[in-house]
Amino acid sequence: MQAHTVTAATLDQAASQALAAGLRGEVLRPGDAAYDQARAVHNGLIDRSPAVICRCAGVGDVIEALAFGREQRLPIAVRGGGHSVAGNGVCDDGLVIDLSAMKGLWIDPASRTIRAEAGLTWGEINVDLQRFGLAAAGGYVSTTGIGGLTLGGGLGWLVRKHGLACDNLLSADVVTADGALVHASADENPDLFWGLRGGGGNFGIATSFEFRVHPVGIAVAGLLMHPLERAQDVLRFWRDWVPGTPPELTTGSMLLTAPPAPFVPPEHQGTPMLGIAVVWAGSPEQGAATLKPLREFAPAAVDIIGPMAYSDAQMMADDLWPRGACNWWKSAFMPEVSDVAIDTAVQRFHSTPTPLTCVLIEHVGHGAMNAVDGHATAFPQRSSPFNFLITTQWDAPAAADGAREWTHDTWDAMRPHVAAQPYLNYIGDEGADRVRDAYGAATHERLVALKDRYDPHNLFRLNQNIQPTGR
């Protein structure tokens, strides 16, 4: 089935009115008061105008909306938290199935499991879990939706101790392309369950997720910041130190422009700096002892590391990626952090085009993610201990050309130092070859077979797409 181009004017009026009458949720079309807000996603660079938005209240709405999209032969975008840098949660002249109002959460503290509807964010989940001294493994930014992150793998602050978000997925409910609601777990539809853990939104609309959660409670977390002239020395120390740290510690280094925040001394505000962000998910006393060498290696201009609720720790980076800023990202896993890679990244950051731009190296390995067999899930890239990421952001339209040019030049300079495999949650629309690179030949071949079974006509294609055979 091929989609065809529609506009608000050509969409079947009677059918859309019948859809609105049959849903518990809201149906929005161009001209409605809430339409512009509903079509906006986190990345301000994305400006798309769907013909209709279905803000679903439950699984029944999802099934009805999907049937409408099939019957009207519309392009279909599925939106959860709206954080996809590629803007996959919205489309032009098509249907958006918006899950963001579906926020049911069931917590079983005794079994340390939860069931969460697809509209929840990691921050919303972890605020409630904090009351029980528990935490969910997913996300560096609390406003990220649980669905897209999990389906694409799911790096986060607990990755070294408890693995990826998808490694903690126990089951999911999925509306497939033919409108059926199926349950996927290790025991029921295990092939689909394998594909959901890293294969993205290619096989259906996941409406709820069952996760394993973990005792965390009070974390030791925060940020160290050093002037850029010390960055190379501090980065070399950090690179050599983190492989030997316990898996309770997850850290990331970032080159950033210091914000005008109260914790930044006035003389450093607005200057390029190196930040080291840390989250320790273990006993506070052991965390303080583990972090001592990092804090004592060189005097930091900013040291705001201390005990805090894990739900607060997960929010500490939110302001670095504000909603509505224009985003242009490049990313790949990083087998090692060489001296040349460090020098190149720091040298390139001297000419950073905007104050919102960050260059990050995340330490994701030497822990639980690596302990999972690469064939056990559809997330095979488990050997690289680091991940490299450029997040170029800007507000002023006049900054766009220079920001993109700097990003491409910086990426070209760093490519010799990173792997071919990207983390798909961190990239834009870079084409089918890049998707294949992310999975490798064996996993991609298995995903194509799964796509042939569950979505042979590629109804779900507005994503990091696995194209079915013959498409």
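## Basis

The model is predicted: local features need pLDDT of at least 70, side-chain atom pairs count only at pLDDT 80 or more, and totals for chains, interfaces and linings use all residues. Residues are numbered from 1 along each chain as its sequence is written, and side-chain values use heavy atoms, with hydrogens and water left out.

Helices (H or I, at least four residues) and strands (E, at least two) are DSSP runs, numbered from the N terminus.

## Helix 9

Helix 9 covers residues 284-297. Its 14 residues should span 20 Å at 1.5 Å a residue; the expected span is 1.5 Å times one less than the number of residues. The end C-alpha atoms are 20 Å apart, which agrees.

The helix bends by about 40 degrees at Leu291. The bend is the angle between axes fitted to the seven residues ending at a residue and the seven starting there. Pro293 follows within four residues.

Gly287, Thr290, Leu291 and Leu294 are the buried residues of helix 9. Buried means under 20% relative accessible area, exposed over 50%, partly exposed in between (1.4 Å probe, protein chains only). Contact means heavy atoms within 4.5 Å.

Five antiparallel strands make an open sheet, in the order 5-6-10-8-9. Two strands pair if DSSP finds at least two bridges between them. Strand 5 (105-108) and strand 9 (181-185) stand at the edges, each with a single partner strand, so one side of each has no neighbour in the sheet. From one strand to the next, the twist averages 10 degrees.

Four bridges pair strand 5 with strand 6 (residues 113-117), in the antiparallel sense. Asp108 has Thr113 of strand 6 as its bridge partner.

Helix 4 (residues 122-130) lies across strand 5, strand 6 and strand 10 (205-212). It runs at about 40 degrees to strand 5. Axes are lines fitted to C-alpha atoms, for helices over the stretch in contact, and angles run from 0 to 180 degrees between N-to-C directions.

## Strand 19

Nine of the nine residues of strand 19 (residues 386-394) are buried, so the strand is largely enclosed by the rest of the structure. Phe386, Phe388, Ile390, Thr392 and Trp394 point one way. Asn387, Leu389, Thr391 and Gln393 point the other way.

Strand 17 (residues 326-334) runs antiparallel to strand 19, joined by nine bridges. Cys326 stands opposite Trp394. Strand 18 (residues 358-363) is also antiparallel to strand 19, with six bridges. Leu360 has Leu389 as its bridge partner.
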